Amino acid sequence: ATPCTAPFLGTAVAFALAAPLQQLWLIFLALGTGMSLPWLLVSLMPGVARWLPRPGPWMSKLRLVLVLLMLGSSIWLMSLLAKEWGARYVLIAGGLMVALFLWRCAVMLPRQRENLRTLAFGVLFGAGLYAFLAPAPDGRREGPLHWQPFSQPALDNALAAHKRILVDITADWCLNCKVNEVMVLHRPDVVEALHQDDVVLLQGNWSKPSAEIETFLRRHGASGIPFNAVFGPTTPNGEVLSSLLSKTELLDALDNAGAATSQTMNKDRQ
């Protein structure tokens with residue numbers, strides 16, 4: 001939960017890492033108490049155990065569901081390696097992983113052994129065939145917003161030009177960043193507001209370690225992402241937004257950042 005700061009545990013962890021030592025210990029003590037609370041209740045009041053479901057065949061079904069969730073998570077994490085390894089090798093590795101999983105299931109489920117083994121061969125063959133025969137991707141599709149690479153000099157230059165700046169620190173592995181894009185940043189009215197002439201969009205990609213991004217986040221009291229902040233003539237130090245963005249919060253921050261733009265430019269001209 002540490003790298004990603006939303007929506008629940010990550011927010012507390014990120015706050016704790018940027019807080020004084022006493023608050024850090026207090027937050028982690030509260031997290032540990034919360035996680036152990038069910039066992040503490042059973043220890044203090046053994047009668048509570050009667051409310052828990054009894055062991056039975058349902059546990060095997062639940063285990064299968066959890067296994068499938070873990071497998072899906074592994075496949076998704078492997079997809080993030082496409083930029084480093086290339087889609088072809090990721091497809092082969094992912095197909096091999098799924099095929100081995102199905103083969104292992106065939107050993108555990110004798111009645112479905114033939115079907116599962118056939119499916120395993122099919123998955124492996126299909127992944128390999130698609131990896132070598134599929135056309136090369138045309139490149140990354142550009143979204144409705146025109147981002148510039150984030151850097152501290154780029155932010156300083158935009159502030160010196162009396163621009164309003166939206167800084168977005170994101171990463172390929174950050175699901176909450178994708179949620180912010182879909183739910184807020186790519187909405188038509190937000191896109192229209194961000195396309196104004198005095199708005200500059202700076203995006204930092206933290207998919208790989210970056211000392212500059214880490215320093216920037218630490219300067220603004222953040223330990224993880226999503227991180228969004230609006231800078232402008234009236235907010236040169238930046239207004240940090242919530243980890244999970246809202247349209248109203250973003251538009252209000254943009255309005256506040258540019259409230260004195262015209263006055264500042266007039267003073268400079270005089």
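Me: Which residue in S3 does isoleucine 165 stand opposite?

Reply: Isoleucine 165 stands opposite valine 200 in S3. Please note that this is a predicted model, in which local features need pLDDT of at least 70, side-chain atom pairs count only at pLDDT 80 or more, and totals for chains, interfaces and linings use all residues. Residues are numbered from 1 along each chain as its sequence is written, and side-chain values use heavy atoms, with hydrogens and water left out.

Me: How do S2 and S3 run, and how many bridges join them?

Reply: Strands of a sheet pair through backbone hydrogen bonds, either parallel or antiparallel. Here S2 (residues 164–170) and S3 (residues 199–205) run parallel, joined by 7 bridges. Strands are DSSP runs of E, at least two residues, and helices are runs of H or I, at least four, numbered from the N terminus. Two strands pair if DSSP finds at least two bridges between them.

Me: In what order do the strands form the sheet?

Reply: The order is S1-S3-S2-S4-S5, in an open sheet of 5 strands with mixed pairing. S1 (148–149) and S5 (239–240) stand at the edges with a single partner strand each, so one side of each has no neighbour in the sheet.

Me: Which residues of H6 are buried?

Reply: Buried means under 20% relative accessible area, exposed over 50%, and partly exposed in between (1.4 Å probe, protein chains only). In H6, Leu116, Ala120, Ala127 and Ala131 are buried. On the other side of H6, the exposed residues include Phe121 and Tyr130.
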